[in-house]
Amino acid sequence: MPTLLICTVGGAPQPVVRSLLTDPRPEKVVFVCSADSEQSITTPRRPVQVRERRCVCGQMTHACFDPTGVLALAAERGFTLPEDAYSIVTVSDPQDLTACLRDMDDQLGPIVDDWLRRGPEHKIIADPTGGTKCMSAALGMVVRRWPCVLRYIGGESRTRDGLGVVEDTREKVFPCNNPLDELGYQAAEDAITLCSRMNFCAGAQLLEAAIQRVSFPEARAGLQALEAIMTFYCLWDRFAHRKALSALHRVRRYQESLGRHLSAESVAQIRASIPEWEARLGTLSSCQQATRELVEDLLANAARRRDEERYDDAVARLYRAIEAIAQCRLASAYGIRTNRVRADRVPEPLRSTWAATKPGSSDFKLGLQDAYALLNALGDELGKKFCSSSLGDRKHTPLSARNMSILAHGFTPISPDVCDRMWEEALGLAELIGIRREALFRFVPLQRRGG
């Protein structure tokens, strides 16, 4: 398989050479160096040198040093890397983690993108063995987003009584899959970010794919718990109340594993909310007419769309909520259904006005404006409030903007101002059927553990 090897480079070439010689041998190599360690790549064969150094005990000791570069040593061992098969990335400050991270991200990103575009069979190995600790840490942070294998060159025999560097020719390769993928951390982090932006369905789909790649049972359970709550939110957000009620059983099943990725506060709120969610969804899934619970659900959904600045979607929900408020009051207080209203239930002079516009009909079917007109004629405070508000002004009502919007009958997108006006008017009407804005239903925020 075609392999791209990315490795950090320090003063000792041996670990890098061992990485080059390990199967699968790379087709392309990126050496990440500091200004000082760059010479460790291309320096030609030189004699081994012996250097004296003073031990901590005060005695002088001798150390062998091979100044020959990585490419020359690798060629001697049977692996020649042509000039067009490698590149050198230099970090500006090998002791500054931020500088290392920035420099690697800027320079490695285009190289990796080009490599991955060649096809799914093109693999990446990242080796952070060499270089400063900052360089190694930065490489680990940069590669977390890429499909790659991590490789570390260690060994069982070290200098300085096991505390120094690995002895030459005694290196050992330690490969592992990207642990952020293996443990699901990256997928969980990305999904929680999507969820914070109310992309519940996208978060759930991302986790569904990640679950298949995770082998550890605890890690899999953590992702399944997160996927369950996001799927639950997704279904509820789509008004799929019956399916959401079924999905809630999976949330209950995996609730013990939610703490693997979510904060203790989020987990506690979810556990405490499950009985309320079950009761609320039970009511919503059995609704056959407009109810206070349905109105609140519409308003809560509109609030989420408004927070996303999806004003056309928000107004569509607000329009339906305003209509449902009137339907709810007519049904609960007067036993009137707006799809078929007998003429004798309509007070004069409104009855005659409607009869003139619908001759030959003994029943009336009411739209939003007519529903509130009937409430007003019945002396209901809800009808009076509507008719005295901007909603009841047929020439200047924000409802007309909705009618001319892209999602209704026109071509003009809804402005934030129109959405805000409808939001305030809808909440004012909702208060008259017992819905308080400060108690409006909200999903429990999914906050990262330790975030």
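Let me begin with Ser 19, which is buried with a relative accessible area of 0%, where buried means under 20% relative accessible area, exposed means over 50%, and partly exposed lies in between, with a 1.4 Å probe and protein chains only. Ser 19 sits in helix H1, residues 14–21, and, leaving aside residues up to four places away in sequence, Ser 19 touches Leu 5, Asp 127, Arg 151 and Ile 153, a contact being heavy atoms within 4.5 Å.

Please keep in mind that this is a predicted model, in which local features need pLDDT of at least 70 and side-chain atom pairs count only at pLDDT 80 or more, while totals for chains, interfaces and linings use all residues. Residues are numbered from 1 along each chain as its sequence is written, and side-chain values use heavy atoms, with hydrogens and water left out.

As for the chain as a whole, its secondary structure comes to 19 helices and 10 strands; these are DSSP runs numbered from the N terminus, with helices being H or I of at least four residues and strands being E of at least two. Of the 451 residues in the chain, 47% are buried, and among contacts with a separation of 6 or more, 65% are between residues 24 or more positions apart.

Now to the cysteines. How many disulfides does the rule give? The count comes to 1 disulfide, the rule being a pair of cysteine sulfur atoms within 2.5 Å. That disulfide joins Cys 201 to Cys 234, with an S to S distance of 1.8 Å, and it links distant parts of the chain, since Cys 201 lies in helix H9 (residues 200–211) and Cys 234 in helix H10 (residues 217–237), 33 residues apart. The torsion about the S-S bond of Cys 201 and Cys 234 is about 80 degrees, so the disulfide is right-handed, and both Cys 201 and Cys 234 are buried. Cys 100, by contrast, is in no disulfide, and the nearest cysteine sulfur, that of Cys 134, is 5.6 Å away; Cys 100 is buried, with a relative accessible area of 0%. For Cys 287, the closest cysteine sulfur is in Cys 328 at 9.5 Å, too far for a bond, and Cys 287 counts as partly exposed at 21% relative accessibility.

In helix H5 (residues 133–142), the buried residues are Cys 134, Met 135, Ser 136, Ala 138, Leu 139 and Val 142, and the buried residues of H5 pack against strand S1 (3–8), strand S2 (28–33), helix H4 (97–116) and strand S6 (123–127).

Finally, a helix pair: which residues of H14 meet H16? Tyr 319, Ile 322, Glu 323, Ile 325, Ala 326, Arg 329, Leu 330 and Tyr 334 in H14 meet Leu 368, Ala 371, Tyr 372, Leu 374 and Leu 375 in H16.
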